[in-house]
Amino acid sequence: MSKVISSSSAISLIRDNSVIGIGGFGGCSAPDDILREMAKSYSAHGTPKNLCAVCGVSPGDLTEDGWGLSIIKAPGLVTSIYAAHVGMPPAIGRAVSANQIAGYTVPLGVYGHLLRAIASRKPGVITKIGLHTFCDPRLEGCKVNELARESGREVVSLINIDGTEYLHYKPFRLDACIIRGSYADEYGNISLEEEAIYSEQAAMAAAVHNNGGTVIVQVKGIFRRGVLDPRHVAIPGALVDYVVVAKPENHLQCYDGAPFRPELIGDVRARLDSIKPMALTPRKICGRRAAFEIKGGSVVNLGIGMPDSVASVANEEGISHQVTFSLETGVFGGVPILGVAFGAAVNPEALLSITDNLDMYQGGMLDAAILGLGEVDEEGNVNVSKFGSRCTGPGGFIDITQSTKKICFIGTFLAGQMEYKTGDGKLTIVKDAEKKKFRKKVQQVTFSAQFACETGQEILYITERAVFRLEPEGVTLIEKAPGVDVERDIIAKMDFVPRISPNLKLMDERIFTDKKMRISFIDE
């Protein structure tokens, strides 16, 4: 019996009130052809409805009527979501924030391990990842809005093993999944050979199949059995129930405008000197300062958003080869893509599954991580997952920050528009932004300073005008930008008074010039 069916036939297999896994990561690898058919069916027939969507970093392109979960934003189609991040499809994130969709957000590595636990029928995931953050049931227990809190569903509990605290993330049943590969054969073997990110497609298929659910995979083409290169087949046909061949326009490699970029999978090697350097903005200033914290030969994780500026700086300086940049998506080496397709890289050296990658992170493989900075409080806690009513979730942030020796949080000192002058070795603030990011207390704890102090991590908070370090005495100012006044431009713009280091230094003047810094990651 042929496993190849149409998108409309695939949607007819998804029942109302189902728990459905949806593949992809942010701007890559979502089953958009099937999602478009789902939205069409719901609009025309009112079914399927009341779905619980299960995702990692929910696919989307940051636009209202774009790709990924933005396609299935109609009220009533999805009424609950269990994910690591919900910000890429804006309408879904907004519905969670507005308490219209019950929202549960968990660390990305926990999500991947849960899929594997469900596939192997284990009793969930027991880990320290999430302790003292909003995932901890003593705080929010992963429930990010009132609908989730009112549901009575407990997704995580605190347990004690031999006197040590752990979190127990609980398994659940998946009724179906719609995921994506590059090509299939007649039996349903799925190749990921043209995917820029491997995501957790295979683990999701196993979790669904092994518990009696329906596995549906979108591909761009079908081959005769035995033709596919087995080195690229990541999902065996024994796990796959049905295959949908997508329309080409609904099977983009990434949401960055190009249907397919061979340099993202190693089919060709791109000239890195053709990548245009960044302008000297606060974003680049933060990236330049963070680059001074990297040592030659180290493995460094770069987070989503401003941290990708570090890779751009390294490429501009011609020193990318002196360090291995690693992304939570399982991509090693190369230069990460900026923008909506973050997670893929030009000229990657290795592509792993997200969970395999985060396993290595959690075991201590990383020498450093450079991550975004949303809010910081006087204890040194960081929030990147919830601001006001807007909830996004942590992605791999918690997995990384609770497992890495050295963390540099980078971001602008204030939120909003800032007028400034640079280029002469100093920072001149003409008109400052208004919204404070250094708060008395963060709204949601995504990074726990308590956990960091207990485990002896080295923590820096890097902005365009000041650098702070987490010390036993508290958040301590250790550097300021040339041209910046400590009282007027830093302390007066914070909700708490930091400790001032007796050895307060100026940030390197080269950071604030229009020329290359001519730095090296190799210690001389």
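Tyr461 touches Leu373, Val376, Gly380, Val382, Phe409, Phe447, Ala466, Val467, Phe468, Arg469 and Leu470, leaving aside residues up to four places away in sequence. The model is predicted. Tyr461 is also one of the residues with the most contacts inside the largest nonpolar core, which has 171 residues.

**Nonpolar core**
- Besides Tyr461, the residues with the most contacts inside the largest nonpolar core are Ile72, Tyr169, Phe325, Phe409 and Phe468.
- Helix α4 supplies the largest share of this core, with 8 residues.

**Sheet β24-β23-β32**
- This open sheet is built from 3 strands in the order β24-β23-β32, and its pairing is mixed.
- Strands β24 (382-383) and β32 (438-439) are the edges, each pairing on one side only.
- Strand β23 (residues 375-377) and β32 run parallel and are joined by 2 bridges.
- Val376 has Phe438 in β32 as its bridge partner.

**Sheet β6-β8-β7**
- A further open sheet has 3 strands in the order β6-β8-β7, and here the pairing is antiparallel.
- At the edges are β6 (125-127) and β7 (156-161), each of which pairs on one side only.
- On average, neighbouring strands of this sheet are turned by 30 degrees against each other, direction ignored.
- Strand β8 (residues 164-169) is joined to β7 by 6 bridges, and the two run antiparallel.
- Within this pairing, Leu167 in β8 stands opposite Leu158.
- Helix α4 (residues 108-119) lies across β6 and β8, and runs at about 140 degrees to β6.

**Packing of α7 and α8**
- Helix α7 (residues 282-291) packs with helix α8 (residues 308-317) at an angle of about 75 degrees, their axes being 8 Å apart.
- Because angles of 65 to 115 degrees count as roughly perpendicular, α7 is roughly perpendicular to α8.
- The residues of this contact divide into 4 nonpolar, 2 polar and 6 charged.
- On the α7 side, the contact is made by Arg283, Lys284, Gly287, Arg288, Ala290 and Ala291.
- On the α8 side, they meet Asp308, Ser309, Val310, Val313, Glu316 and Glu317.

Terms used
Residues numbered from 1 in each chain as written. Predicted model: local features only at pLDDT ≥ 70, side-chain atom pairs only at ≥ 80, totals over all residues. Heavy atoms only, no water. Pairing = 2+ DSSP bridges. Helix = DSSP H or I, 4+ residues; strand = E, 2+ residues; numbered from the N terminus. Axes fitted to C-alpha atoms, helices over the stretch in contact; angles between N-to-C directions. Contact = heavy atoms within 4.5 Å. Parallel < 35°, antiparallel > 145°, perpendicular 65-115°, else oblique. Nonpolar A, V, L, I, M, F, W, Y, C, P; charged D, E, K, R; others polar. Core = buried A, V, L, I, M, F, W, Y, C linked by side-chain atoms within 4.5 Å. Buried < 20%, exposed > 50% of the residue type's maximum accessible area, 1.4 Å probe, protein only.
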